[in-house]
Protein chains: 2
Amino acid sequence: MGPGAEHADFHTIDPSKDVDGFGAASVGLLVQNRPKLVACTPSGVIELLQRERIQIAGRHAVVIGRSDIVGKPMAMLLLHLDATVTICHSKTPHLAEVCRQADILVAAVGRPGLVTREFVKPGATVIDVGVNRVSDPAVASRLFPAGHRRLLLFQSKGSVLVGDVHPEVEDVAGALTPVPGGVGPLTITMLMANTLRAARERVR
Amino acid sequence: MGPGAEHADFHTIDPSKDVDGFGAASVGLLVQNRPKLVACTPSGVIELLQRERIQIAGRHAVVIGRSDIVGKPMAMLLLHLDATVTICHSKTPHLAEVCRQADILVAAVGRPGLVTREFVKPGATVIDVGVNRVSDPAVASRLFPAGHRRLLLFQSKGSVLVGDVHPEVEDVAGALTPVPGGVGPLTITMLMANTLRAARERVR
């Protein structure tokens with residue numbers, strides 16, 4: 001799951017042990033809606049939405065980011081749950097406008113605070129997949145108002161973890177996952193769930 | 001490529017001979033943007049767009065239909081060519097409104113004349129993947145005005161082939177593929193191209 005993982009060749013991994021869900025066969029089975037082991041971050045996001053009873057069917061989901069690890073499998077999972085799905089990326093013009101259509105907005109690009117208030121329809125569910133370590137004071141003060149608890153943390157530690165979603169979105173979103181402590185731990189949990197599932201299949 | 005093909009299990013097909021591109025491994029490689037053999041209808045549509053020099057990068061493409069054979073691989077190919085991509089389907093509310101955002105609109109649902117004028121932004125490129133045999137006179141006369149050449153054909157033959165796009169869209173679209181004679185023959189051509197590619201790989 002480390003950086004650059006999407007460029008490695010997962011061909012050599014036995015699909016029945018592919019607990020990351022990154023192999024071509026795993027991805028193909030997911031796209032064909034007969035998944036075996038599914039990538040952990042997007043399946044964690046679905047788990048989160050379902051446990052929070054956030055309606056997916058018939059809603060418009062917008063995914064920012066088209067990575068093999070998050071963006072594309074995320075889009076497929078949402079599609080199979082009957083969302084209308086839009087995939088945006090660095091070449092998308094009028095990004096804020098496109099995102100503002102979303103009932104469910106998933107940000108997975110790795111750019112701190114990219115998703116500002118103008119990206120978010122009031123009441124929308126916003127899932128922040130980004131985990132960015134910010135060490136530039138200018139960036140930190142763009143993200144947090146003077147005296148904010150996390151800006152103080154930044155000043156004492158020299159860096160702070162922030163997502164792709166600007167903290168100001170909290171005032172607009174109907175629901176918003178925090179960074180850190182939101183999608184990240186879920187990814188790890190889903191990896192353990194996949195590992196358990198693979199082990200059970202092996203015993204069977 | 002017959003009806004029901006998407007429900008068959010393509011697991012048993014050697015990926016190097018999977019000229020339809022329907023196997024899980026072929027689909028996975030496509031999604032990971034390192035395609036080997038790609039499903040023929042969507043790759044034919046890309047061929048068509050590129051030969052007609054229709055810009056894909058930075059444009060908004062809307063795909064109606066989420067089949068394994070057309071909708072999903074089509075979305076992936078457009079995404080990899082830097083389009084912003086929306087996938088719609090039978091559960092999408094306000095379908096016409098969503099489609100009207102498209103610079104490139106691909107209809108692949110199998111409902112005769114579904115895409116009417118109100119679905120299409122003036123000047124948009126419209127790709128009609130549907131091939132529907134209409135034998136109901138009421139449907140035929142909803143599609144073609146009295147005295148229209150194709151309505152006369154229907155009256156003499158008892159049926160007529162129509163796409164998912166209503167003929168009235170011709171007046172609004174910047175470009176529109178005909179049915180029959182548009183995407184269909186291209187699909188067959190791409191199947192032959194895939195077969196040739198597979199054979200060459202085998203010899204190598």
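This is a predicted model: local features need pLDDT of at least 70, side-chain atom pairs count only at pLDDT 80 or more; totals for chains, interfaces and linings use all residues.
The interface involves 33 residues of chain B in contact with 33 residues of chain A. About 2,800 Å² is buried between the two chains, and carbon and sulfur atoms give 53% of this area. Of the area that chain B buries against chain A, 18% is supplied by B:Gln32, B:Lys72 and B:Leu79, more than by any other three residues.

Polar interactions also cross the interface. Between chain B and chain A, 20 residue pairs are in polar contact, with both residues at pLDDT 80 or more. On the side of chain B that touches chain A, at least two residues each come from helix H1 (24-31), helix H3 (71-80) and strand S2 (84-88) of chain B. H1(B) gives the largest share of this side, six residues. By residue class, the side of chain B that touches chain A comprises 13 nonpolar, 13 polar and seven charged residues. Four salt bridges are found across the interface of chain B and chain A. In the salt bridge between A:Asp82 and B:Arg66, the closest N and O atoms are 2.8 Å apart.

Strand pairing also links the two chains. Strand S2 of chain A (residues 84-88) pairs with S2(B) in the antiparallel sense, over three bridges. Within this pairing, B:Val85 of S2(B) stands opposite A:Ile87.

In chain B, the loop between helix H2 (40-51) and strand S1 (60-64) contains B:Gly58. The relative accessible area of B:Gly58 is 22%, so the residue is classed as partly exposed, the cut-off for a buried residue being under 20%. Apart from neighbours within four places in sequence, B:Gly58 contacts A:Lys91 and A:Pro93 in chain A, and B:Asp82 and B:Ala83 in chain B. B:Asp14 is 44 residues from B:Gly58 along the chain, and the C-alpha atoms of the two residues are separated by 36 Å.

In chain A, strand S4 (residues 125-128) is covered on both faces. A:Thr125 and A:Ile127 are buried on one side, and A:Val126 and A:Asp128 are buried on the other. In a regular strand, side chains alternate between the two faces of the sheet. S4(A) runs parallel to strand S3 (residues 104-107) of chain A, to which four bridges join it; A:Thr125 is the bridge partner of A:Ile104. S4(A) also pairs in the parallel sense with strand S7 (residues 175-176) of chain A, over two bridges. In S7(A), A:Ala175 is the bridge partner of A:Thr125.

Notes. Residues are numbered from 1 along each chain as its sequence is written. Chains are lettered from A and ligands numbered from 1 in the order in which they are written. Side-chain values use heavy atoms; hydrogens and water are left out. Contact means heavy atoms within 4.5 Å. Buried area is the accessible area (1.4 Å probe) that two parts lose on being put together, summed over both. A salt bridge is a side-chain nitrogen of Lys or Arg within 4 Å of a carboxyl oxygen of Asp or Glu. A polar contact is a pair of N or O atoms within 3.5 Å; within protein, one must be able to donate a hydrogen and the other to accept it, and residues adjacent in sequence count only if both atoms are side-chain atoms. Ala, Val, Leu, Ile, Met, Phe, Trp, Tyr, Cys and Pro count as nonpolar, Asp, Glu, Lys and Arg as charged, and the others, Gly among them, as polar. Two strands pair if DSSP finds at least two bridges between them. Buried means under 20% relative accessible area, exposed over 50%, partly exposed in between (1.4 Å probe, protein chains only).
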